[in-house]
Amino acid sequence: MNLQDSVTQIIVASRLRPELLGELERFRRSVAVMFTDIKGSTSYFERHGDIAGLLMVSECNEKLRTAVERHGGRMIKTIGDAIMASFDDCPAAVQAAVEMQCELRDLNRDKPPDDRVAIRIGVNYGTGIVRTNDVFGDVVNVASRVESAAHPEQIVISGSVNQRINPTGLFQVRHLGKYALKGKEGEFDLFEVLWNQEQAEHAPAGHTMVAATGKSSPAAANFKLVHLRRGEAEGSEHALRNGALTVGSGEADLRLSGDPQLAPLHARFFVEQTRLYVEDLSGRGVFVRLAGTATLQPGDIVLMGRQLLEFNVRTEALAAAAATGTAVIDLNTLLEEPVAKFVSAPQGALPAGLFPLFTEEVTWGRTKGTYVFPEDGVMSSAHARVYQRGEDYYLEDLGSRNGTYLKARGKTLVPMGTTVQIGSQKFQVAQ
């Protein structure tokens, strides 16, 4: 047995040691956990350079830290351009979140549109292991998943937070819908705190939405696929007949015989409860462009530029680290190897290889990033990032020209306006 396996077994076994768990009980209590993330910082760095970008992030995070402390919270840490904070009660956490959004709105007021930055905020309440300088446990995992469902300038809260702020009457809240949260049974209600009278309706993040609030009309089921072709301003349109449409090179509703990458019956689009889904019928792959932040699952295949990468993670080691209050960076050191990594998928373009995730944030691009691919003309200069919070790793596109795609697994939701790649063909969902 090698050292890495021994350490992993020790960490996993420690979850079953009564004396350790008893010791941890001294630190277990209810807490509200907040995550924030700056949207737009990557393009700001590209336009103004690293020094100006770092100053912008520092100024932004200082305002967020002040809001946290003003409402009795505690800054746990910064993760790149994100922060993690904790509060003893939910109203204080939500008041701090509203103040953060208002502060940034005022900060942006006199800036050119391209220089404005926005944050998304997620808050969850539950039981965690609360130590002097960190919080561990499921309350952190759910908080990060809630934040990943938010859009810029949005405050999203879990049902447990909503229950505790409702009696105060201090906040206007609307139900966003039901979401699937990784590792959780059933569906979870998420809510948005309305802090701005001009706040617009946001399309839900496609990778986690299960059901909307019930506001959809029958017209929402009238989807069509716009076939995107190079050199054409507008592609051909294909309506779903009786709520379904198959695509392939042979016996499909939409036949595209000139694409050797297409199977005879490659993919099926279908409508359920006014929402559009896609599934792969061929085993060759259907890729959905990210509409928001995706929570990565073991074995996920990601397409960025010409790079086809498979995500691998040691989930048991991550779960053990959370249960014992061990930071993932420390776990990487103990194991002397990364808990998570990407490997080139068999069909991926060169260079092939291994891409370990040793730090809390890893970026990808043609010329800028932790991993760069200067020969990949499809990849943007700064293309995508992968970051870790709690037991999860998240994938986010950085505003790349050609997008970042996730391979569909089973029935996959396709939000309005999203692009789907089937073989070498691309389709955009429209009404």
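Here are a few friendly notes on this predicted model, covering confidence, a helix pair and one alanine.

1. Confidence across the chain. The mean pLDDT of the chain is 83, and 83% of its residues reach 70 or more.

2. Two stretches to treat with care. Over residues 1-8, pLDDT stays under 50, and the model has 12 contacts beyond four places in sequence for this stretch. Residues 215-220 also have pLDDT under 50, with six contacts beyond four places in sequence in the model. Where pLDDT is low, predicted coordinates should not be read in detail.

3. How α3 and α4 cross. Helix α3 spans residues 41-48 and helix α4 spans residues 50-70. Their axes come within 7 Å and cross at roughly 145°. The crossing of α3 past α4 is right-handed.

4. What lies between α3 and α4. From α3, the residues taking part are S41, Y44, F45 and H48; they meet D50, A52, G53, L54, M56 and V57 of α4. Sorted by class, this contact has six nonpolar, three polar and one charged residues.

5. The setting of A93. A93 has a relative accessible area of 0%, so it counts as buried. Setting aside neighbours within four places in sequence, A93 is in contact with A32, M34, F87 and V123.

6. A93 and Y125. These two residues are 32 residues apart along the chain, and in the model their C-alpha atoms are separated by 9.7 Å.

Definitions and conventions. Residues numbered from 1 in each chain as written. Predicted model: local features only at pLDDT ≥ 70, side-chain atom pairs only at ≥ 80, totals over all residues. Heavy atoms only, no water. Buried < 20%, exposed > 50% of the residue type's maximum accessible area, 1.4 Å probe, protein only. Contact = heavy atoms within 4.5 Å. Axes fitted to C-alpha atoms, helices over the stretch in contact; angles between N-to-C directions. Helix = DSSP H or I, 4+ residues; strand = E, 2+ residues; numbered from the N terminus. Left-handed = near helix turned anticlockwise from the far one by under 90°. Nonpolar A, V, L, I, M, F, W, Y, C, P; charged D, E, K, R; others polar. pLDDT = per-residue confidence, 0-100.
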